[in-house]
Amino acid sequence: FREKKEENAEDLEKMKESADKARKEEIERLKKAGELGKKTKRVFRRLYKDYILKHWFHCGCVYTCSLISGAIQPVMAVFMGNIMENLVYISFPDHRANAREQIDIYSGMFAVLGFAAWIVNAFSSFLFTLLGEKISMQLKTKTYDITLKREMTYFDKPENNPGIISSRISFETQNINRLIASFYLSLIHIS
């Protein structure tokens, strides 16, 4: 019994040491995150200035779609409230015919607005995907041009193998595409 108790104490001590080590690593990571945050802001600014502003028409269309989508939601809520109100009036015999007529009208308007919201959101997502693909293509083209202008000795190093460079360029531009499609879309929807 004493041996198990001593083993448990040793295990507990090891767990405390590993937790302390993890806590210290986390603190160091957070300290470095301040520097990463500054670098990230610069990357976003450059991406916005060099690529997104060049496609101002697409961004304007997406922003307009977001405004329309945001305006549709409260209108749909009002229609749903009217439908609920008229559902209460159905229980009264003298209001039953008028209530059913109102429910049919508001339900139809609710369905039309729901379809319109679906179309606007789909168009907005399509435009952002298109924008992301255009920017990815520009980045790939620019990166390949810069890479091809390097000296031949650059490609002799194992870490600069043309296959590795090609896959890295493809992977990183795909990440930027995801960033544009998700981050900026959510940013516009929030505003």
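Predicted model: local features only at pLDDT ≥ 70, side-chain atom pairs only at ≥ 80, totals over all residues.
Take Cys61, for which the nearest cysteine sulfur belongs to Cys65 and is 6.6 Å away; because the cut-off is 2.5 Å, Cys61 is in no disulfide. Cys65 is in no disulfide either, its nearest cysteine sulfur being that of Cys61, and with a relative accessible area of 8%, Cys65 is buried.

Let me step back to the overall picture. The secondary structure of the protein comes to four helices and zero strands, so that, if we use the definition of helices and strands as DSSP runs, the order from the N terminus on is simply α-α-α-α. Of the 191 residues, 21% count as buried, while the protein exposes about 14400 Å², of which carbon and sulfur atoms supply 63%. If we look at contacts with a separation of 6 or more, residues 24 or more positions apart account for 75% of them.

Now to the inside. In soluble globular proteins, nonpolar side chains tend to be buried together. Here the largest nonpolar core has twelve residues, among them Leu47, Tyr51, Cys61, Phe128, Leu131 and Ile180. Helix 1 (2–52), helix 2 and helix 3 (96–148) are the elements that give two or more residues to this core, and helix 3 gives the most, with five residues. There is also a second, separate core of seven residues, which includes Ile72, Met76, Leu113 and Ala117.

Staying with helix 3 for a moment, I would like to point out Ser136, which has its place in that helix. Is Ser136 buried or exposed? Its relative accessibility is 5%, and because buried means under 20%, Ser136 counts as buried. Leaving aside residues up to four places away in sequence, Ser136 touches Thr173 and Asn177.

Finally, let us turn to the surface, where Met80, Met84 and Leu87 form a nonpolar patch with about 270 Å² of accessible area together. Met84 lies in helix 2, which covers residues 56–89. Why does Met84 count as partly exposed? The reason is its relative accessibility of 48%, since partly exposed means in between the 20% limit for buried and the 50% limit for exposed.

Key:
Residues numbered from 1 in each chain as written. Heavy atoms only, no water. Patch = residues over 30% accessible without salt bridge, like charges linked within 9 Å, V, L, I, M, F, W, Y side chains within 5 Å. Areas by Shrake-Rupley, 256 points an atom, 1.4 Å probe, with all protein chains shown as cover. Salt bridge = Lys/Arg side-chain N within 4 Å of Asp/Glu carboxyl O. Buried < 20%, exposed > 50% of the residue type's maximum accessible area, 1.4 Å probe, protein only. Core = buried A, V, L, I, M, F, W, Y, C linked by side-chain atoms within 4.5 Å. Contact = heavy atoms within 4.5 Å.
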